[in-house]
Every structure is written in structure tokens, then in C-alpha cells.
Amino acid sequence: MITCSNRLIAASALLFLLGISTAAQSRSPNFLLVMVDDMGWSDIASFGSEIDTPNLDAIARNGVKFTDFHVSVSCSPTRSMLLSGTDNHIAGLGNMGEMIAPEQQGKPGYEGYLNERVISLAEAFKAGGYHTYMAGKWHLGHSEGKYPHDRGFDKSFSSVYGGASYWRDKFGMMAVVEEEAKYVMGAKELDTLPDDFYATRSYTDFLIDSIRENRKDRKPFLGYLAYTAPHDPLHVPEPWLSQYRGDYSEGYEVLKERRTARARQLGVVPEDAKTPVLHERVKKWDSLSAEEKAHQSRGMEVYAGMVSNMDYHLGRVVSFLKDIDEYDNTVIIFLSDNGPNPWFSDDYPGNRGSQFMAQFDNSKENIGRPMSHYAYGNGWASASAGPLDLFKMTVGEGGIRSPLIIAGPGVKGGRQTDAFAYVTDIMPTMLEMAGLDHPKTFNGNKIEPMRGHSMTAVLSGTKDTVYAANEFQGGEMQNGKWMRQGDLKAVSVAPPFGTGKWALYDVASDPGETRDLADAKPEALSRLMQAWDQYAKDVGVVLTGQ
């Protein structure tokens, strides 16, 4: 059973060990969990970016910056692990709901929504006496009974599908399916949005208002702020729309090299880390016409503006927490759900040549404004990954390595760690920091145990690693496979961005995966491949086209 006394005892003991004041020990910590969407590993300044992100930089300076943190290749699988502490194939998102293959239909773990075999993070915190709020992208069930409201959030305002216009027009992402976005507030589907709706600002407003409304009872809160930014379509208001005009005219190859150099300078990758060669599907910048260069540069300018806009609104939440005297008692956790998106808007299923896409104005001057529907493509996605190879939808490091920053009570700040960690580790970490249990049953259902590890010892500075040297951790999505043990990573990148052949990398010294060690260390590769086979059996992976 989750009890308040357990929570206070555990939290007090942790704070005592860290030398935090007696006054703070009497209060359970709040949690602000911030997940952004499709943001590259090097898209914020503290990881090598030129984009202005002062609020995230400040959180990084005050907290712990994880340089070897991993997620899944796409949105909903990562979110299912974040909110369950276990593998996505157990939690119901063995594949994204929109992409479940015929051979996966009806199989356990492929329900296409967060299933009842897991207790959600919000359900666990609500049972432990917390207020629970959510604002932003859900993507873990889009039918009645499967909304955030149904999985433990007291107050929620959410975009249900994978992506949508940032304005009030409610345009969706894809022709044929999800042409119109779906929003819910609590249990109610919204027919319209406010005239002044802009997703990033409106989600921020909702979370701030929710926290403010329930302050009188002094109960702690869990706030889940799931920004859709900077997921396409690329939309942002002024002044961010014009903030980066002219900054990306030299192209994505130059930007990737500059970010890699900056990452080396910051020490987030080794000094001798090599810059990966761009994938063969990425057109060389010099092969583009002047018009194509101008058009693509404009997309990256707007994308950068979206990242800065997100940082600005996150700063509003931080300022609000300071104003209400809750900042020092709030653990802030920031991450991305996967790497940068390599698709252009026409690459989405059914979009190319469709009437749906014909209604939008994607001229250079309209990108970022209402009635545009633009994604920046694989060249800029490669640049957003910086010193890492590949991007979203692949198990290359650029697809599954995410920035992670954690700050607040229980965290010995001002540090950087290269400890390997995984998205399933977030929930056990938060539960331990809050002094809450993970139940074996909930609402009459048997609950699967968490597969993640708590990171609290690394956060407090008492340990250097989350995983023991002999432990394995891996994943799978759409036939892409990876397995880690220590610094070694075995990886099989599925078509179209790979061949499906297994490779082996030392990703501590070679985060860009430029030197395949498969021939030099065949025994290590075999050991990791066998570990992946066991993992797939344990969690119920169903491969497609086999």
C-alpha cells in the first residue's frame, strides 16, 4: 500500500543524507515532468546548440545533466515507458497504435494504448496523496475511457493524437486518418479551441492554473507538461518566428559539424568523437538549388524558434513556482521522447499528392504561420542529432539518445554524468524520491513489476552508475533492435535507414557509431545478440515481415 508515512520517512531520510534543511524535510517534493516532442539531442545549448535556451541552461546548471540517457525511436512507446516504468511491449505500445501490423494485432502488449497491466505514474502518485495534472500530448489511447483523466490525472488538457496544428484550426497530421486533431479536457472531448490557442502557451497556462487552483490544501503535486514542440507541423508566433532569420543559410552539414565541435568543447562527448557521415538519403547541401536552400533554411529557422519558445514558456512555469514558494521543493525532470524527425510532411502516409495537403500554403514566407503544414526533413534532423548518427524512427543513437536534466530537492546539482540510463528508470526514480510504493495490484488488476532502475543514488552523488557493469538493457521498435551492456551497444537498424545487419559500437568513445567493432569483438556481439533474444522473449516482441 502507498502511504503518506512511508513517503515522508523515505523523503526525510534522503534529504537528511544530502544535508537539506529540516524545514524542507517535513514536506513531500513536488514534481514537474517535462517531455518535449521530436527534439534532437543537441538542440539545447547545454548539449551543443546555438539555439537560445536560457531557462533550460539554468536548470542544467542547478541540476544533473545526463549525457547517456535513452528512449524509444518514437512517441507513444517512449511515453508508455515513462508513465509505467516498464517496457513498451508490456505496457501496450509494442508499436505505435497507428502502425500496428497484422501479425501484431490482438497480441499482448500491442493494444495500442496504455493497458491495465500497468499502473500509471499519475495513478501511483494520486494514490499516494498527490494532486496530478497533465497538459499536452497524450498519444496513449484516443478513445473514451483511455484518456489522461482515466489514468489518474485530476486535471488534464490534452492533444490525443501524435501531432497536430499548434493553432485553433485543429488540423491533424495525415490524410485519410487523423485529418482533424482531437483534444480532451478531463473526460470531455472539445469541439472547438479558444480563438487565441497556441499549443505551447496554452498548455503552460493550463498547468499553471491547475497548480494555482489547488494550493490551499498544501498537498504536493505532480505536473506532467508534455509539450508537442518542436514536433511538426512547424508553427510559432512572433517574435520567435523571426528570431533566427538568416542563421542557417550555410546548411545542415555545417551545422552538424559545428554542434559536434561544441559538444566536444562542452565535454558532453569525448574530445576525439568523430562526426558521423550523413545518411545516403540526405541530399548534399551543395546539390540543392538556391530556392531549395532558402526554403529548407526557413524550416530550420522556424524549428529553432519553436525550441526557444518552448524554453520561454518553461521559464514561465519556473517563475511561477518561485512566486508561490514551491520552486525549492520541486523536482524538475526534462527529456525528449525520441530523436529529431527525418520526414518531410509529404512523407507521412497518404499525404503526398492528397487534397489534404493541397489546402496548405508551404511557401517559404508562410512556413510557421497558420495554414502551413511543414516538417524540416532528414538533413536538419541529422544536424539536430549533432554528434550522433541517424534520427527518429531508427535505433541509431540519434534516434534513441535524449537529453535528460534533473534538478531540485534530492539532487546534488551542478554536475554532469555519463551514467547510462533509460526512460523506464524515470518512474522508479520519482517514486523513490516521493517515498511511494509500486503496488502489485491496482483496481483489481495484477500489475507488472517495473523493469527500470532508480537513479536516486546517481542524483544524490553517492553512486556513479545506474546499471551494474554486467547488466543488459535494450529495446525494439518496428524491427529495429538494440542492446547495451556497459559501453558496448549491439544494434540492428531496420530498413529504410539500415540493412538490418547487427553492428557493434563502443558508444562511450564513439557516440556517432562510426567504427563497427563486430569483426574485432565477435564474442561481445554474440553475447549482446543473445541478450536481445532473451529480452524479446521476456517482453513479448512480435517482429513483422519475418
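The model is predicted, so local features need pLDDT of at least 70 and side-chain atom pairs count only at pLDDT 80 or more, while totals for chains, interfaces and linings use all residues. Residues are numbered from 1 along each chain as its sequence is written, and side-chain values use heavy atoms, with hydrogens and water left out.

Let us begin with strand β3. Helices (H or I, at least four residues) and strands (E, at least two) are DSSP runs, numbered from the N terminus. Strand β3 covers residues 131-137, and seven of its seven residues are buried; here buried means under 20% relative accessible area, exposed means over 50%, and partly exposed lies in between (1.4 Å probe, protein chains only). Strands of a sheet pair through backbone hydrogen bonds, either parallel or antiparallel. Two strands count as paired if DSSP finds at least two bridges between them. β3 pairs in the parallel sense with β7 (residues 221-226) over six bridges, and threonine 132 has leucine 222 in β7 as its bridge partner. β3 also runs parallel to β4 (residues 155-159), joined to that strand by five bridges. There, alanine 135 is partnered by phenylalanine 157 of β4.

Is histidine 139 buried or exposed? Histidine 139 is buried, with a relative accessible area of 7%. Methionine 393 also has a positive phi, of about 75°, without being a glycine. It sits in the loop between α12 and α13 (397-400) and is buried, with a relative accessible area of 17%.

Now look at another sheet. Four strands make up an open sheet in the order β14-β15-β16-β17, with antiparallel pairing. Because β14 (473-477) and β17 (502-506) stand at the edges with a single partner strand each, one side of each is left without a neighbour in the sheet. β16 (residues 488-492) pairs with β17 in the antiparallel sense over five bridges, and serine 492 stands opposite tryptophan 502 in β17. The loop between β16 and β17 holds proline 496, which is joined to proline 495 by a cis peptide bond with omega of about 10°. A cis peptide bond also links glutamate 238 and proline 239, with omega of about 5°; proline 239 is in the loop between β7 and α8 (240-243).

Finally, turn to the largest pocket. On a 1 Å grid over the protein atoms alone, a cavity is a set of points where a 1.4 Å probe fits but cannot get out, and a pocket is an open set with protein on both sides within 12 Å along at least five of seven lines; lining residues have an atom within 4 Å of a point. The largest pocket is lined by 33 residues, and Pro342, Trp343, Phe344, Asp347 and Asn378 lie nearest its centre. The elements giving two or more residues to this lining are α10 (290-323) and α12 (377-384). Which element gives the largest share of the lining of the largest pocket? It is α10, with three residues.
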